Amino acid sequence: MSDTSPGPEEVRHVADLARVGLDDEEVERFTDQFADILDYFETLEEVPEVERDADLVNVMREDEVRDSLTQEEALANAAETEDGYFKGPNVS
Amino acid sequence: MSADYNVFITEETIEGAADGPLADSTVAVKDNISTEGVRTTCGSEMLDDYVPPYDATVVERLKDAGATIVGKANMDEFGMGSTTETSAFGPTENPAAPGRVPGGSSGGSAAAVAAEEADLALGSDTGGSVRNPAAFCGVVGIKPTYGLVSRYGLVAYANSLEQIGPLAPTVEEAAALLDVISGPDDHDATTREEGEESDYASAATGDVEGTTIGVPTELVEGADEGVRERFEETLDDLRERGATVEEVSLPSVEHAVEAYYVIAMSEASSNLARFDGVRYGNSGGFDGNWNETFSKSREAFGEEVKRRILLGTYALSAGYHDKYYKQAQDARAWVKQDFDEAFESVDVLASPTMPTPPFEVGDSLDDPLQMYLADANTVPVNLADLPAISVPAGEVDGGPVGIQFIGPAFGEEEIIRVGSALEE
């Protein structure tokens with residue numbers, strides 16, 4: 001196992017950061033699997049430095065008003081709305 | 001009937017214009033491509049009642065071309081999988097190989113064509129998700145050059161890698177569908193001018209006289225013996241038709257799979273943050289504060305989706321960004337450079353599409369790393385933004401296998417021409 005592989009506590013911490021609820025079984029399974037997968041990702045250390053010569057161009061357009069969804073359409077998939085706004089849980 | 005193979009998540013007819021190049025064609029559309037007024041689930045419980053208020057650009061183009069859309073095709077949840085077994089709506093079966101998976105993640109789209117439940121289909125290809133199921137189901141699939149087809153209305157998984165692509169029974173039909181969907185789009189700033197007045201369908205001439213085909217040894221070595229035999233036979237066939245075959249080396253592709261998964265998971269961890277149960281996505285209820293509610297609603301994601309969000313979050317977190325993400329970008333640049341050099345001496349590259357015949361149902365689910373490794377031949381193409389086609393190349397152990405032809409950027413005509421030679 002790689003020395004940087006996350007243990008169960010770290011898996012829980014990453015899940016908290018990502019705001020994804022996990023049950024205990026998932027934490028256990030992911031801890032095992034992440035060790036293998038991250039070990040494999042570490043082979044990227046063998047990649048030589050490559051000069052990147054990407055020829056990037058800007059694709060800006062004029063900032064003009066265009067047709068868009070109506071307020072009603074934009075809210076159509078929200079579980080809860082109020083007075084034309086999305087309604088969410090308390091922030092803290 | 002679709003009940004046999006579980007091809008569609010939603011069966012609904014969307015009529016197109018009265019005439020146009022696809023007026024006589026029915027099309028299955030992968031369920032991560034938005035259809036106005038018709039639910040679009042991405043194969044996820046999270047979006048099981050999501051109804052987009054607008055059409056994806058490719059759907060508008062299908063309608064304008066007169067196509068009749070016959071349903072939203074089953075898929076791995078959010079496009080994450082190689083077998084179409086991770087859909088919240090149950091797995092799709094492979095109509096061309098009973099008891100096997102159809103490949104993924106566009107397995108429903110490929111199965112729809114193979115089972116003749118639609119004449120044509122659209123899938124999306126992030127690391128092989130059009131070519132892999134095309135190979136496993138014995139149909140043709142094209143992954144276009146990055147920027148050829150608009151991604152507006154495609155529910156994002158990994159934006160820098162994915163393209164919508166056509167599936168069809170023949171190369172010419174796949175090319176004709178690509179003609180309809182390709183070209184620039186005001187709604188997607190990554191689209192390019194190439195493909196605007198395209199006529200890819202007429203490139204399917206079957207003429208390979210004088211064509212030089214490069215075979216990257218790295219993409220053949222890992223394949224099963226039976227797959228290699230079919231591949232060699234196909235190359236012999238092309239030689240007889242006047243093509244020249246030569247070996248080339250692409251040392252960078254040995255690191256393509258890990259680079260691909262680090263980049264795709266990182267982009268996924270960011271893209272899937274929008275499913276919070278507030279604007280869309282099923283709500284976990286309003287008990288507790290924002291973070292608790294948010295985490296609760298996202299318990300509805302399937303295991304593969306959670307795995308990728310977490311690994312992506314980890315790879316981008318402080319202290320690990322340089323170790324994983326930055327090195328993956330270096331590997332991506334190396335892969336691009338390797339392909340560029342190869343195309344200085346050959347017209348197209350050829351490899352088996354998948355290293356094995358279609359997997360047995362359930363085989364790959366317990367070992368995610370093993371499933372990731374199965375994409376070794378398709379992911380380098382997405383990292384390099386190139387076009388590639390998968391064409392049927394016979395059967396191995398009772399299941400179809402495919403051959404992949406890779407072209408230089410915007411070299412769609414070349415791969416369509418070479419691919420069509422196999423159908424003569």
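R279(B) sits over the face of Y280(B), 5.8 Å from the ring centre; a charge counts as over a ring if NZ of Lys or CZ of Arg is within 6 Å of the ring centre and within 35 degrees of the ring normal. This is a predicted model, where local features need pLDDT of at least 70, side-chain atom pairs count only at pLDDT 80 or more, and totals for chains, interfaces and linings use all residues. Residues are numbered from 1 along each chain as its sequence is written, chains are lettered from A in the order written, and side-chain values use heavy atoms, leaving out hydrogens and water.

Y280(B) also belongs to an aromatic cluster with Y50(B), F78(B), F275(B) and F301(B). Over all chains there are 14 aromatic pairs, meaning Phe, Tyr or Trp (six-membered) rings with centres within 6.5 Å; planes under 30 degrees apart are stacked, over 60 edge-to-face and the rest tilted. Here are two that share Y261(B):

| Pair | Centre to centre | Plane angle | Type |
|---|---|---|---|
| Y260(B) and Y261(B) | 4.7 Å | 80° | edge-to-face |
| Y261(B) and Y372(B) | 4.2 Å | 25° | stacked |

Y261(B) lies in helix α8 (residues 256-271) of chain B and Y372(B) in helix α12 (residues 368-373) of chain B, so their pair ties together parts 111 residues apart in sequence. Helices here are DSSP runs (H or I, at least four residues), numbered from the N terminus. Y260(B) is buried, that is, under 20% relative accessible area with a 1.4 Å probe, protein chains only. Y261(B) is buried too, at 1%, and Y372(B) is also buried at 1%.

Notes
Buried means under 20% relative accessible area, exposed over 50%, partly exposed in between (1.4 Å probe, protein chains only). Helices (H or I, at least four residues) and strands (E, at least two) are DSSP runs, numbered from the N terminus.
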